[in-house]
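The following exercises concern a single protein model. Please work through each task before reading its solution.

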Amino acid sequence: MSYQALYRVWRPQIFADVVGQSHVTKTLQNALIQEKISHAYLFSGPRGTGKTSAAKILAKAVNCPNSVDGEPCNECPSCKGITDGSIPDVIEFDAASNSRVEEMRDVLDKVKFAPSATKYKVYIIDEVHMLSISAFNALLKTLEEPPKHVIFVLATTEPHKIPLTIISRCQRFDFKRITSSTIVERLRLILHQSGQAYDEEAIQVIARTAEGGMRDALSLLDQTLSYSSEKITLEDALMITGSVSQQVLSTIVKAILHHNSQEALKWLHKLIAEGKDVARLVEDLLLYYRDLLLYKSSPDLVEYLEKVIVDDDFIENVEGYTDDRVYQIIDQLNKTQQEMKWTNHPRIFLEVSLIQLCETEKVNNQEDSNKINHLLEKLSQLETELQQLKEAGPVNTSTQEQAPKSQRSPARQGNSFKVPTGKIERTLSDATKQNLQIIKTNWANVLTQLKRSHSALLNDAEPVAASDSGLIIKFKYEIHCQMAMQNQEFISIMKNVLATITGKQLEVIGVPEEQWMEIRSSFISQHRQQIKEEDKQPNDPLIEEAKRLVGEELLEIKD
């Protein structure tokens, strides 16, 4: 084939052509100028950033007799032979397809032989992380004691998979992703030299889609050139890259801003009908909102925008959104993107997400409107009352001070719990230890049969006395006692549970701990007084006669 792809035609031939990697090329040039050449280099970084190209340029530079400032001349037989691959002293080895130790040994066995046409033998091992452990071990031995005429250049996209023993014996250079602006400049140069007409927006779309890889950008440009007729237009670039135009994205974002779900869904279905990938659409929306937030926080960060070009529609959307709203939308779109990975119907998730974003905005606006209306009504009411007070004239302060006092006292009395002292004393009179023991034994069972809210009232309560007709429960806090005794549902459930356990209908009586101690002490004192008074009553004459006849020691009296 006579035609060559653009990324092969425009492959860098000198260090100056390697764009976006000045930190690598400058270091290598200085090392060549100072003749501080290492025996092994490790080039790591994303795909399409110039690792293999820099390795070949390095191979030409170390062997070029006419190099100037570390740059190869590309005119001598050595440079031309390395460029077209006719010199056997520069060996390119693909580790992805030759990962076994036998293939590595076959290459390393020839390392000891001196170069035939150049000063140095250069071994370029691409995708070195694909080598097997045995192959790495074989390479390690050679890297430990390499011949003076050999240079190894290892290239990889995944340096974490390379053993540390290999990395420690190499000079490592990390290639970084190329910025969109740098890729755009390179594409402009290529198109100008090719005499091809283009739209500026088109090459910007291509540069952003390449995601930092120059080879990807050139492949997309090559494909777009084949698709377009006379001029590369924005529509051509969008069609090839599968991206969505900024105008459509701005329309969808504006529809979400104005909670117009119908408009947002209309454009979504139109894009799907044109063959756009819904996953790519979510990504484009995320990048649009990311750029919107970035520009909103600082308009000076225009060069860091990844998806948009600042225009009137974009500025309008920036002014319409708040930061909190953008955070919410980005979070929602991110969740939708994650959910779409695990479903066979990603379109449905995106439709639901767009509707939620629009309706959430509508609901929030409605709630804000309702709150504002409510506050306005309250304000109007307060103004009316204030006007009435002004018309009523001055108020007697002495009467005004006395009124709250007279009102506060009954309020406190009404809030305090009134202890049913009479019921408690009657229950104590008939109480038995046996009845109380039955309830205490089953108290845990009683709590489990109550509702959680009712059981919570009895956390610091305990039964203290029980008769055949009533149960006294002591509460640690007065408020809990009041809440329990005023809750008819609680009283009813307690009676049913107690009836199931004891077989008796018991009246539930609650008393706070402080009042219980007073009532109990008072009851015991009264009970003892009654016993003493009964002891003072005249004895039965029959009992007295019996004591006189037989003696009190031999007499047993039974009631």
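**Exercise 1.** In which helix does Thr 241 lie, and is Thr 241 buried or exposed?

*Solution.* The model is predicted: local features need pLDDT of at least 70, side-chain atom pairs count only at pLDDT 80 or more, and totals for chains, interfaces and linings use all residues. Residues are numbered from 1 along each chain as its sequence is written, and side-chain values use heavy atoms, with hydrogens and water left out.

Step 1. Thr 241 lies in helix 11 (residues 234–241); helices (H or I, at least four residues) and strands (E, at least two) are DSSP runs, numbered from the N terminus.

Step 2. With a relative accessible area of 9%, Thr 241 is buried. Buried means under 20% relative accessible area, exposed over 50%, and partly exposed in between (1.4 Å probe, protein chains only).

Step 3. A polar atom of the Thr 241 side chain lies 2.7 Å from the backbone oxygen of Ala 237.

Step 4. When neighbours within four places in sequence are left aside, Thr 241 is in contact (heavy atoms within 4.5 Å) with Val 205, Thr 209, Leu 220 and Arg 280.

**Exercise 2.** Determine the strand order of the open sheet of five strands, and state which strands stand at its edges.

*Solution.* Step 1. The order is 2-3-4-1-5, with parallel pairing; two strands pair if DSSP finds at least two bridges between them.

Step 2. Strand 2 (90–94) and strand 5 (171–174) each have a single partner strand, so one side of each lacks a neighbour in the sheet and these strands stand at the edges.

Step 3. Strand 1 (residues 40–44) pairs with strand 4 (residues 150–156) in the parallel sense over five bridges. Within strand 4, Val 153 stands opposite Tyr 41.

**Exercise 3.** Which residues touch the most other members of the largest nonpolar core, and which helix gives the most to this core?

*Solution.* Step 1. A nonpolar core is a set of buried Ala, Val, Leu, Ile, Met, Phe, Trp, Tyr and Cys residues joined through side-chain atoms within 4.5 Å.

Step 2. The largest such core has 36 residues, of which Ile 252, Ile 256, Tyr 289 and Tyr 321 touch the most other members.

Step 3. Helix 14 gives the most to this core, with ten residues.

Step 4. Apart from neighbours within four places in sequence, Ile 252 is in contact with Trp 267, Leu 271, Leu 285 and Leu 354.

Step 5. A second, separate core of 34 residues includes Val 464, Ile 472, Ile 491 and Val 508.

Technical notes. A polar contact is a pair of N or O atoms within 3.5 Å; within protein, one must be able to donate a hydrogen and the other to accept it, and residues adjacent in sequence count only if both atoms are side-chain atoms.
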